[in-house]
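Below is a short note to read beside the model.

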Amino acid sequence: MIKYDIEAQARLDSISLDGIVDGVDYEDSFTSDSILHGNELLILDRANFRPAGMTQKKNNHLLHTYRSSAFGLAVSPDGNMAFVANP
């Protein structure tokens with residue numbers, strides 16, 4: 001993923017989904033969907049079929065992976081629930 005400042009039209013950083021998360025080593029990750037849900041960014045890692053969560057409070061550090069296979073993400077209109085499309 002790329003962190004981008006829209007106003008300055010400048011790339012600020014890149015964020016990798018690869019690495020060890022919850023004891024599992026993920027490789028070759030690539031992002032398909034991403035949705036802001038409260039202060040958490042939900043990210044679909046299409047290569048590893050997993051939804052992942054990242055927060056800005058922790059300097060955009062990948063915090064965890066949800067235990068679910070995933071092909072798509074959505075958030076309810078009121079923002080209270082996130083949905084994962086499973087195969």
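1. Start of the chain. Ile2 sits in strand S1; strands (E, at least two residues) and helices (H or I, at least four) are DSSP runs, numbered from the N terminus. Ile2 counts as exposed because its relative accessibility is 52%. On this scale buried means under 20% relative accessible area, exposed means over 50%, and partly exposed lies in between, with a 1.4 Å probe and protein chains only.

2. Basis of the note. The model is predicted, so local features need pLDDT of at least 70 and side-chain atom pairs count only at pLDDT 80 or more, while totals for chains, interfaces and linings use all residues. Residues are numbered from 1 along each chain as its sequence is written, and side-chain values use heavy atoms, with hydrogens and water left out.

3. Overall make-up. The protein chain has 10 strands and 0 helices, and its elements from the N terminus on read β-β-β-β-β-β-β-β-β-β. Of the 87 residues in the protein chain, 29% are buried. Its accessible surface is about 5,800 Å², and carbon and sulfur atoms hold 51% of that; accessible areas come from the Shrake-Rupley method with a 1.4 Å probe, and for residues only the protein chains shown count as cover. Among contacts in the protein chain with a separation of 6 or more, 30% are between residues 24 or more positions apart, where contact means heavy atoms within 4.5 Å.

4. Nonpolar patch. Ile2 returns here: together with Tyr4 and Ile6 it forms a nonpolar patch on the surface, and the three have about 360 Å² of accessible area together. Patches are made of residues with over 30% relative accessible area and no salt bridge; like charges are joined within 9 Å, and nonpolar side chains (Val, Leu, Ile, Met, Phe, Trp, Tyr) within 5 Å.

5. Leu12 is placed in strand S2. Setting aside residues up to four places away in sequence, Leu12 touches Lys3, Tyr4 and Asp5.

6. Negative patch. Which residues gather in a patch of negative charge on the surface? They are Asp18, Asp25, Glu27 and Asp28. Lys and Arg count as positive and Asp and Glu as negative, with His and the chain ends not counted; a charge is placed at NZ of Lys, CZ of Arg, CG of Asp or CD of Glu.

7. Asp18 is in the loop between S2 and strand S3 (19-21), and Asp28 is in the loop between strand S4 (24-26) and strand S5 (31-37). Asp18 is partly exposed because its relative accessible area is 38%, whereas Asp28, at 62%, counts as exposed. Beyond its neighbours within four places in sequence, Asp18 is in contact with Tyr26, Glu27, Asp28 and Ser29. The C-alpha atoms of Asp18 and Ser29 are 5.8 Å apart, although the residues are 11 apart along the chain.

8. Salt bridge. How many salt bridges does a search of the whole structure find? The search finds 1, where a salt bridge is a side-chain nitrogen of Lys or Arg within 4 Å of a carboxyl oxygen of Asp or Glu. The side chains of Asp45 and Arg50 form it, at 2.7 Å from N to O, and both residues are buried.

9. Positive phi values. Gln9 and Phe49 deserve a check of the backbone. Phi of Gln9 is near 50 degrees, a positive value in a residue other than glycine, and phi of Phe49 is also near 50 degrees. Gln9 is in the loop between strand S1 (2-5) and strand S2 (10-14), and Phe49 is in the loop between strand S6 (40-45) and strand S7 (50-55). Gln9 is exposed because its relative accessible area is 63%; Phe49, at 41%, counts as partly exposed.

10. Ser68 lies in the loop between strand S8 (61-65) and S9 and is partly exposed at 24% relative accessibility. Apart from neighbours within four places in sequence, Ser68 is in contact with Phe49, Arg50, Pro51, Val84 and Asn86. Asn80 is in the loop between strand S9 (72-75) and strand S10 (82-85) and is exposed, with a relative accessible area of 58%. The C-alpha atoms of Asn80 and His37 are separated by 8.2 Å, with the residues 43 apart along the chain.
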